[in-house]
Amino acid sequence: MEARLNRIIAWLDDPSGDVTEDIRILDAYYRSPLWRSDFEADEAGKLPADLPRGVLSEDGIYNALQAYDDRQSTLSQCEEPRTETQKSVKDNKESGHMSCQAADF
């Protein structure tokens with residue numbers, strides 16, 4: 001699970017490739033009783049000290065899934081047809097428009 005979380009986090013920095021399967025599996029794990037069981041085992045000190053724990057942080061998976069949804073929404077908006085005026089505007093603070101290429105993802 002840790003590798004899946006790491007792939008999603010990497011994708012957030014560089015949205016190339018497809019992490020939908022990682023998202024599906026990580027979301028299912030996070031919503032399952034298994035995540036809670038793993039979390040409680042970690043809290044009780046039952047897991048090896050050198051085990052990576054990104055997926056066991058209370059907010060780690062949630063934040064990654066939320067960031068993925070936000071990024072997907074932003075990318076979808078960038079793919080929508082734009083008017084010629086919107087296409088020509090590049091980071092123009094006066095107009096309040098920003099091109100998708102210049103958007104701060």
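When I call a residue buried, I mean that its relative accessible area is under 20%, whereas exposed means over 50% and partly exposed lies in between, with a 1.4 Å probe and protein chains only. With that in hand, let me turn to the structure. What you see is a predicted model, in which local features need a pLDDT of at least 70 and side-chain atom pairs count only at pLDDT 80 or more, while totals for chains, interfaces and linings use all residues. Residues are numbered from 1 along each chain as its sequence is written, and side-chain values use heavy atoms, with hydrogens and water left out.

I will begin with confidence, where pLDDT is the predictor's confidence in each residue, from 0 to 100. The mean pLDDT of the protein is 80, and 74% of its residues reach 70 or more. Helices and strands here are DSSP runs, helices being H or I over at least four residues and strands being E over at least two, numbered from the N terminus.

As for the overall layout, the secondary structure comes to 5 helices and 0 strands, so that the pattern along the sequence reads α-α-α-α-α. Of the 105 residues of the protein, 25% count as buried. Among contacts with a separation of 6 or more, 51% are between residues 24 or more positions apart.

Now to the interior. A nonpolar core is a set of buried Ala, Val, Leu, Ile, Met, Phe, Trp, Tyr and Cys residues joined through side-chain atoms within 4.5 Å. The largest such core has 16 residues, of which Leu 26, Tyr 29, Val 55 and Ile 61 touch the most other members. At least two residues of this core come from each of helix H1 (2–13), helix H2 (20–31), helix H3 (33–43) and helix H4 (60–79). If we set aside residues up to four places away in sequence, Ile 61 touches Leu 5, Leu 26, Tyr 29, Tyr 30, Trp 35 and Val 55.

Which residues form one aromatic cluster? They are Tyr 30, Trp 35 and Phe 39. Rings of Phe, Tyr and Trp (its six-membered ring) pair if their centres lie within 6.5 Å, and planes under 30 degrees apart count as stacked, over 60 as edge-to-face and the rest as tilted. The structure holds 3 aromatic pairs. In one of them, the ring centres of Tyr 30 and Trp 35 are 5.2 Å apart with the planes at 70 degrees, so this pair is edge-to-face. The rings of Trp 35 and Phe 39, by contrast, have centres 5.1 Å apart and planes at 15 degrees, and are therefore stacked. Trp 35 and Phe 39 are about one helical turn apart, because they lie 4 residues apart in helix H3. Tyr 30 is partly exposed, at 21% relative accessible area, whereas Trp 35 is buried at 6% and Phe 39 is buried at 8%.

Staying with H3, its buried residues are Trp 35, Phe 39, Ala 41 and Asp 42. Viewed down the helix axis they fall within an arc of 160 degrees, so they line one face of H3, the arc being that of the directions from the helix axis to the C-beta atoms. Pro 33 and Glu 43 are exposed on the other side of H3. After H3 comes Gly 45, whose phi is positive, near 75 degrees.

Finally, I would point to the loop between H1 and H2, where Pro 15 lies. Pro 15 counts as partly exposed, at 35% relative accessibility, and, leaving aside neighbours within four places in sequence, is in contact with Arg 71 and Leu 75. Pro 15 and Leu 75 are 60 residues apart along the chain, and their C-alpha atoms are separated by 9.2 Å. Asp 70, found in helix H4, is partly exposed with a relative accessible area of 43%. Asp 70 and Leu 12 are 58 residues apart in sequence, with a C-alpha to C-alpha distance of 9.9 Å.

Conventions:
Contact means heavy atoms within 4.5 Å.
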